[in-house]
Amino acid sequence: GLQHCNINKIKQLYSDKEEREIMVISKHLCGGATDFGLRCILNEERIAIIAIALCCRGKCSTETYCNINYLKSIDGLKDLNKSQFESIRKMASWEIDG
């Protein structure tokens, strides 16, 4: 699945001699799949454009979220635990679910 993807290992992107820029587009990568997609392209230097249409952010988890360290860098979240993340995750869906 996408959680195991590493764009640097996709041989077709490197099969020609010409250096090409890469454009990343996704639509409806549900919940943690958005984070998996971001990890997939993390170390690729040739990415010129990233366009991601987020959805279902309320379906991510501490195991799939790509940047827990960023959340922990925010004042008041330095000791973020799973229960607190779960509260943030639920709040992220208020805009969608009402």
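Predicted model: local features only at pLDDT ≥ 70, side-chain atom pairs only at ≥ 80, totals over all residues.
Residues are numbered from 1 along each chain as its sequence is written, and side-chain values use heavy atoms, with hydrogens and water left out.

**Exercise 1. Work out the order of the elements in the protein chain.**

Step 1: Take helices as DSSP runs of H or I with at least four residues, and strands as runs of E with at least two, numbered from the N terminus.

Step 2: The protein chain has four helices and two strands.

Step 3: Starting at the N terminus, their order is β-α-β-α-α-α.

Step 4: For cover, call a residue buried under 20% relative accessible area, exposed over 50% and partly exposed in between (1.4 Å probe, protein chains only). Of the 98 residues in the chain, 29% are buried.

**Exercise 2. Find the partner of E63 and say which parts of the chain the pair ties together.**

Step 1: Look for the salt bridge: E63 pairs with K82, and their closest N and O atoms are 2.7 Å apart.

Step 2: E63 sits in the loop between β2 and α2 (68–72) and K82 in helix α3 (residues 82–92), so the pair ties together parts that are 19 residues apart in sequence.

Step 3: Check the cover. E63 is exposed because its relative accessible area is 53%, and K82 counts as exposed at 54%.

**Exercise 3. Compare the setting of two further pairs, E86 with R89 and E44 with R46.**

Step 1: E86 and R89 form a salt bridge with closest N and O atoms 2.4 Å apart. Both belong to helix α3 and are three residues apart, about one turn of the helix.

Step 2: E86 is partly exposed, since its relative accessible area is 31%, while R89 counts as buried at 18%.

Step 3: In the salt bridge of E44 with R46, the closest N and O atoms are 3.1 Å apart. Both E44 and R46 are buried.

**Exercise 4. Describe the lining of the largest pocket.**

Step 1: On a 1 Å grid over the protein atoms alone, a pocket is an open set of points where a 1.4 Å probe fits, with protein on both sides within 12 Å along at least five of seven lines; lining residues have an atom within 4 Å of a point.

Step 2: The volume of the largest pocket is about 170 Å³, meaning the space filled by probe spheres set on the points, which are joined across faces, edges and corners.

Step 3: Its lining has 14 residues, with V24, L29, G37, C40 and I41 nearest the centre.

Step 4: β1 (22–30) and α1 (32–40) each supply at least two lining residues, and β1 gives the largest share, six residues.

Definitions and conventions
Salt bridge = Lys/Arg side-chain N within 4 Å of Asp/Glu carboxyl O.
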